[in-house]
Amino acid sequence: IAAFIAANPQDNLLELCAYVSSFYGIIGEIAAKQSDLAGPGSFKLAFLDKLYHISESEVQDNMQLEFK
């Protein structure tokens, strides 16, 4: 969360925290769908790999936040 806040210091912090939580959830869901997971250690690696390689379109396609 701190990295997102540092990169976007002028944004609404509540919305930014909600976005970060959703972002990490998206990464977790995509990483969990990988067929080569052998256990919790391989999930951690898959999560970190997806965190590094996620595209903007993957985030936009899976983001389900709505602020009012």
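Biologist: Why is Tyr24 called partly exposed?

Modeller: Tyr24 has a relative accessible area of 36%, and because buried means under 20%, exposed over 50% and partly exposed in between (1.4 Å probe, protein chains only), Tyr24 belongs to the class in between. This is a predicted model, in which local features need pLDDT of at least 70 and side-chain atom pairs count only at pLDDT 80 or more, while totals for chains, interfaces and linings use all residues. Residues are numbered from 1 along each chain as its sequence is written, and side-chain values use heavy atoms, with hydrogens and water left out.

Biologist: What makes Phe23 buried or exposed?

Modeller: The relative accessible area of Phe23 is 10%, which is under the limit for buried, so Phe23 is buried.

Biologist: How many aromatic pairs does the rule give?

Modeller: Rings of Phe, Tyr and Trp (its six-membered ring) pair if their centres lie within 6.5 Å, with planes under 30 degrees apart stacked, over 60 edge-to-face and the rest tilted, and on that basis the count is six aromatic pairs. One of them joins Phe23 and Tyr24, with 6.1 Å centre to centre and 65° between the planes, and is therefore edge-to-face.

Biologist: Which residues do ring pairs link into a cluster?

Modeller: The cluster consists of Phe4, Tyr19, Phe23, Tyr24, Phe43 and Phe47.

Biologist: At roughly what angle do the axes of H2 and H3 cross?

Modeller: The axes of helix H2 (residues 13-32) and H3 come within 9 Å and cross at roughly 125°, where axes are lines fitted to C-alpha atoms, for helices over the stretch in contact, and angles run from 0 to 180 degrees between N-to-C directions. Angles under 35 degrees count as roughly parallel, over 145 as roughly antiparallel, 65 to 115 as roughly perpendicular and the rest as oblique, so H2 is oblique to H3.

Biologist: Which residues of H2 and H3 meet?

Modeller: Taking contact as heavy atoms within 4.5 Å, Phe23, Tyr24, Ile27, Gly28, Ile30, Ala31 and Ala32 in H2 meet Phe43, Ala46, Phe47, Lys50 and Leu51 in H3. By class, this contact has ten nonpolar, one polar and one charged residues, where Ala, Val, Leu, Ile, Met, Phe, Trp, Tyr, Cys and Pro count as nonpolar, Asp, Glu, Lys and Arg as charged, and the others, Gly among them, as polar.

Biologist: What makes Ser22 buried or exposed?

Modeller: Ser22, which lies in helix H2, has a relative accessible area of 18%, and so Ser22 is buried. Leaving aside neighbours within four places in sequence, Ser22 is in contact with Met63 and Leu65.

Biologist: Why is Gln64 called exposed?

Modeller: Gln64 lies in the segment after helix H4 (56-62), and its relative accessible area of 74% is over the limit for exposed, so Gln64 is exposed.

Key:
Helix = DSSP H or I, 4+ residues; strand = E, 2+ residues; numbered from the N terminus.
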